[in-house]
Amino acid sequence: MTCLKNQFDEDSEIDAEPPCPVSCSVQNVERLNMKDFSNGDFYVGDFKEVLPHGKGKYTWSDGTVYEGDWIGGKMTGKGALLWPSGEKYNGDISGGYLHGSGTLTSTDGSLYKGQWRMNIQHGYGRKKYSNSDVYEGEWKEGEPEGNGRYFWNNGNKYTGNWKRGKMHGRGVMEWGNGDQYNGCWLNGFKHGSGIYQYADGGYYFGTWTRGLKDGKGVFYPAGSISLGYDNGPKRGLSQCSSLNLEERAVKKPSVKRSFSEKISVSGALSSGRISHKNSESSSHSDSAKEFVRHNSSGTFSLGSDAGQSAVQENAAVVYEREYMQGVMIKERVRDYIELSRKAEKKTKRHAKETEKIPCVAIFKGKNSYHLMLNLQLGIRYTVGKITPVPKREVRIADFGDRARITMFFPRRGSHFTPPHKSIDFYWKDYCPMVFRNLREMFKLDAAEYMMSICGDDGLTEISSPGKSGSIFYLSHDDKFVIKTLKKSELKVLLKMLPKYYNHVKAYENTLITKFFGVHQITLPGRRKVRFVVMGNMFCTELRIHRRYDLKGSTHGRCTDKEKIHENTTLKDLDLSYEFHMDKSLQKFLFHQIAVDCNFLKSQQIIDYSLLLGLHFRAPEQLNGLLEPPNIEISPADQGLTTGGEVLFPSKGLLLVAHEPSSVNTEPGPHIRGRPLRAFSLGDREVDVLVPGTGRLQVQLGVNMPAQANQKLSGDKADSAEVELFEVYDMVIYMGIIDILQEYNVKKKAEHAYKSVKFDPLSISVVEPELYAQRFINFLQKKVFPEQP
C-alpha cells in the first residue's frame with residue numbers, strides 16, 4: 001500500500017497554511033483547518049509538521065471518506081471509513097489497513113463484526129449475510145476456518161470445524177426437519193465415519209464418501225435403542241479420513257491494498273454467504289421410514305409403511321448394511337443384543353492382542369507421543385541439512401551403515417538443535433545422500449515432504465495389519481507411512497540399497513515399495529527404534545472398500561470371520577473375485593511384476609506380497625432404479641448434479657484418451673512413471689473417468705480400471721448374506737510390499753520344519769526362486785486371469 005506520507009511528499013509544493021491560533025500541547029504539532037490537494041482530495045484535522053497526526057478527516061475526490069486517528073501520515077487507531085457505494089467500516093485501523101476489531105456493513109445488507117488482519121477477516125468474527133444466514137466463529141484469510149457455527153435461514157444449523165470456508169473435520173449438522181448428523185466432513189460433504197439420527201428416532205452408524213453412504217454400517221430403527229450424541233456410542237468417529245464435497249461459496253474479500261485506490265471493499269463482500277442443500281433429508285433412499293428389500297432373485301422392492309410397522313413389532317431388530325456410492329448392496333438382519341455382545345468381544349480381543357505386542361507395549365501412550373515428536377524433529381533437521389547440498393550422483397561411500405548423520409537432541413536445545421518438549425534422544429539418519437536423490441527421483445519436493453511429516457498436524461498412529469508388532473504412523477495428508485523396523489530388516493535394507501537404487505532408477509513403473517528415508521532413534525536406557533518412511537499406496541480421494549495382502553501361498557492365508565471389519569487387510573483365501581482389465585494394461589502389469597520379482601529373487605528376498613486396494617463402483621444393475629425416466633447421463637457428466645450435490649452415481653467407468661491438462665499430474669508418494677497405453681483405445685495413453693469424482697491419470701498400480709467378477713459358491717445360493725451382484729466396475733491400487741525378509745538360515749530351518757507337517761508348496765516360506773514363480777502364477781491364474 002502506498003503510504004499517506006508519499007501522498008503528501010508528492011504534493012510538497014503546496015505551502016503549509018498558517019498555524020492555528022490555538023497553541024498545541026505537543027511540540028512541532030500545528031493545527032490546520034483544512035488542506036487541499038491538487039488531485040481534488042482534502043484533509044481537515046491535526047498535523048505534525050506536514051503529515052496528518054492526531055484526529056482528522058480525509059475526503060477523496062470520488063467521495064470516499066475516512067475520519068479517525070492518524071499517526072505519521074497513516075490511518076492508525078480508531079476510525080470510520082465510508083465508500084461511495086455505501087459500504088461502511090468502523091473500528092481499528094493500523095498503517096492504513098483494516099487491522100484489529102471492526103464492523104463492516106455492506107451495501108447488500110450483510111454485516112461482519114469481528115477481527116481483521118491486513119484488510120482481511122481473520123480471527124473470531126460474526127457475519128450476517130444478506131439472506132439472513134449467520135456464521136459466527138473463527139476466520140482465516142477471509143474465510144471460515146477453525147471452530148464455528150453456521151445458521152441457515154431455513155432452520156438448518158452446523159456446529160464444528162471449518163477449513164477454507166467449508167465444513168471440514170468433526171461437526172454436527174442439524175436439519176430443520178429434525179434429522180441430525182454427527183461425524184466427519186471434508187470440503188462440505190459428509191465423508192468418513194459418522195452417526196445419522198433421523199427425526200423419528202432411528203440411527204445409522206456408518207461411513208460416507210462425497211455425501212453418499214459408502215461402506216459398512218448398522219441401522220437401528222426407531223425404538224430399538226435410545227441414544228444421545230452426548231452419551232451414545234461413538235465407535236468409528238475417532239478418525240475423520242479423507243472427505244469431500246458440496247461447495248460452500250464464501251468469497252474471499254478483495255480489499256484493495258493501495259491508498260491511491262482508497263482501500264475500497266466495494267462489492268467484494270456482497271455475496272459471500274454459504275449455500276447449503278438438505279441432501280440427506282430429501283433423499284428417498286436415506287429416509288428412516290423406507291427400506292430397500294431384495295429376494296433371492298436379486299430384484300428390489302421399496303417399502304416404507306409396511307417395513308416400518310414390522311420394525312415396531314420387534315424393537316430389538318437391527319440391520320447390518322453395506323453401501324457403495326449410496327447404493328445398498330448387502331443387508332443382514334441382526335439382533336441388537338447379539339450385535340452388542342459381538343462388538344464387546346471385538347473390543348476385548350483387540351485389547352488383548354495389543355497387550356501381546358512388545359513394541360506397542362513399550363512405546364504406548366506418552367512414550368509413543370515422544371517417539372512421534374522425536375521422529376519429526378529428526379527428519380526436519382536432516383532433510384533441512386542435506387537439501388542445500390549441491391546435487392550429485394551417489395557414490396559407493398554414500399551407501400552402508402557408515403554413511404549416516406548422527407545428532408544429539410537435548411531437551412533444552414543446543415547450538416545445532418532447537419529446544420523441544422520431548423525427552424533427550426540421539427538421532428541417526430542412514431544414507432542421507434542416497435535418499436535425498438531417491439526423493440528427487442520420485443519428484444518429491446523437500447519442503448512438501450517435511451510439511452507432510454513434520455507439520456503442525458502431526459502424525460497418526462495406526463494399528464498394524466500383520467504379526468510383526470511394528471508401530472505404524474500415517475502423515476496427516478495420508479501421503480506417507482512410517483513403520484518401525486527390526487534390526488535384521490534394517491540390515492537387509494542397507495545391504496540391498498545400492499541394487500534397489502539402480503532398480504527404481506531403471507524402472508520408473510516399478511511396483512516395489514518406495515522408500516524415502518531410514519532413521520534410528522536412541523532413547524534413554526539405550527533403547528533403539530528404527531524407522532523407514534514409505535509412500536502410502538492408498539493415498540487417493542476414492543474410498544478403498546477392500547484390502548488384500550496376497551502372497552500366493554495357502555497355508556494360514558485366511559482371516560477369522562469374527563475378526564473382519566471394514567479396514568481389515570484380507571488374505572489369499574479370502575479373495576472371492578477375479579479381475580479383468582484392458583489387454584495392454586494387463587500386459588504392462590505382468591511385465592513389471594516379473595521384472596520386480598527377478599530383482600527380489602536376486603537379493604534372496606521372500607515373504608513379499610501384493611498389497612491390493614479395491615474401490616468398487618455402484619452395481620450397474622441398479623441404474624434403472626437410480627435414474628429418473630428420460631434422462632441420459634454421459635460418462636463425462638460424472639454423475640447428475642444439482643448445485644454441486646451428487647444425486648446418484650452415473651454408469652460405470654470409462655477409459656478415455658489421456659489429457660494432461662484435465663488431470664492432476666503432480667507426482668505423489670505412490671505415483672509410478674508415465675501414463676499407460678490401452679489396447680481398447682488404439683494403444684493410446686489413457687485416463688479413467690470416475691463418476692462423481694472426476695478424471696484420473698492411469699498409471700501402473702495407480703487408478704487402474706478393471707471389472708471384478710465375484711466367484712459365488714453353490715452352497716451360498718440361498719444365504720441371506722449373498723452379495724446381490726456378481727460383476728462390479730472398480731479402480732485398483734497395488735504395490736509389492738514387505739521386501740525386507742531375507743531367505744537366511746532361520747528361514748531355511750522354518751521351511752524344513754513346516755515342510756514335514758504341511759504341503760511344501762502351500763507354506764509361505766520357500767526358497768526365493770520358487771517363491772517368485774508361485775507368486776506370479778497365483779496372480780496370473782487366480783487374480784488377473786486372461787479373458788476367454
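Predicted model: local features only at pLDDT ≥ 70, side-chain atom pairs only at ≥ 80, totals over all residues.
Does Phe442 count as buried or exposed, and at what relative accessibility?

**View A. The aromatic pair of Phe442 and Phe516.** At 8% relative accessibility, Phe442 counts as buried, because buried means under 20% relative accessible area. Phe516, at 0% relative accessibility, counts as buried by that cut-off too. The structure holds 45 aromatic pairs. Phe442 belongs to the loop between helix H7 (432-441) and helix H8 (446-454), while Phe516 belongs to strand S28, so the pair ties together parts that are 74 residues apart in sequence.

**View B. Strand S29 and its partner strands.** Seven of the nine residues of strand S29 (residues 527-535) are buried, so the rest of the structure largely encloses this strand. Strand S28 (residues 515-523) runs antiparallel to S29 and is joined to it by eight bridges. Within this pairing, Phe515 stands opposite Met534 of S29. The hairpin of S28 and S29 has three residues between the strands, and Gly525 in this hairpin takes a positive phi near 90°. S29 also pairs with strand S27 (residues 480-485), in the antiparallel sense and over six bridges. Here Val532 of S29 is the bridge partner of Lys483, and Arg530 of S29 is the bridge partner of Leu485.

View C. S27 is mostly covered, with six of its six residues buried. Phe480, Ile482 and Thr484 point one way from the strand, whereas Val481, Lys483 and Leu485 point the other way; all are buried. Strand S26 (residues 472-475) pairs with S27 in the antiparallel sense over three bridges, and Phe472 has Lys483 of S27 as its bridge partner. Four residues lie between the strands in the hairpin of S26 and S27, where Asp478 takes a positive phi near 65°.

**View D. An open sheet of six strands.** The strands follow the order S31-S30-S34-S42-S41-S32, with mixed pairing. Strand S31 (569-570) and strand S32 (577-580) stand at the edges with a single partner strand each, so one side of each is left without a neighbour in the sheet. S32 is joined to strand S41 (residues 704-710) by four bridges, and the two run antiparallel. Gln710 in S41 is the bridge partner of Tyr577.

**View E. The aromatic pair of Tyr577 and Tyr728.** Both Tyr577 and Tyr728 are buried. Their ring centres lie 6.3 Å apart and their planes stand at 75°, so the pair is edge-to-face. The pair links distant parts of the chain, with Tyr577 in strand S32 and Tyr728 in strand S42 (residues 727-737), 151 residues apart.

**View F. Nonpolar cores and the surroundings of Tyr608.** The largest nonpolar core has 124 residues, of which Phe579, Tyr608, Leu612, Ile732, Ile739 and Phe784 touch the most other members. A second, separate core of 37 residues includes Trp83, Leu98, Tyr112 and Tyr158. Leaving aside neighbours within four places in sequence, Tyr608 is in contact with residues including Lys551, Cys597, Leu600, Asp738, Tyr771 and Phe775.

**View G. Charged ends over tyrosine rings.** Lys213 places its charged end over the ring of Tyr323, 5.5 Å from the ring centre. The charged end of Arg321 sits over the ring of Tyr319, 5.4 Å from its centre.

Technical notes:
Residues numbered from 1 in each chain as written. Heavy atoms only, no water. Core = buried A, V, L, I, M, F, W, Y, C linked by side-chain atoms within 4.5 Å. Buried < 20%, exposed > 50% of the residue type's maximum accessible area, 1.4 Å probe, protein only. Contact = heavy atoms within 4.5 Å. Pairing = 2+ DSSP bridges. Phe/Tyr/Trp six-rings, centres within 6.5 Å; stacked < 30°, edge-to-face > 60°. Lys NZ or Arg CZ within 6 Å of the ring centre and 35° of its normal.
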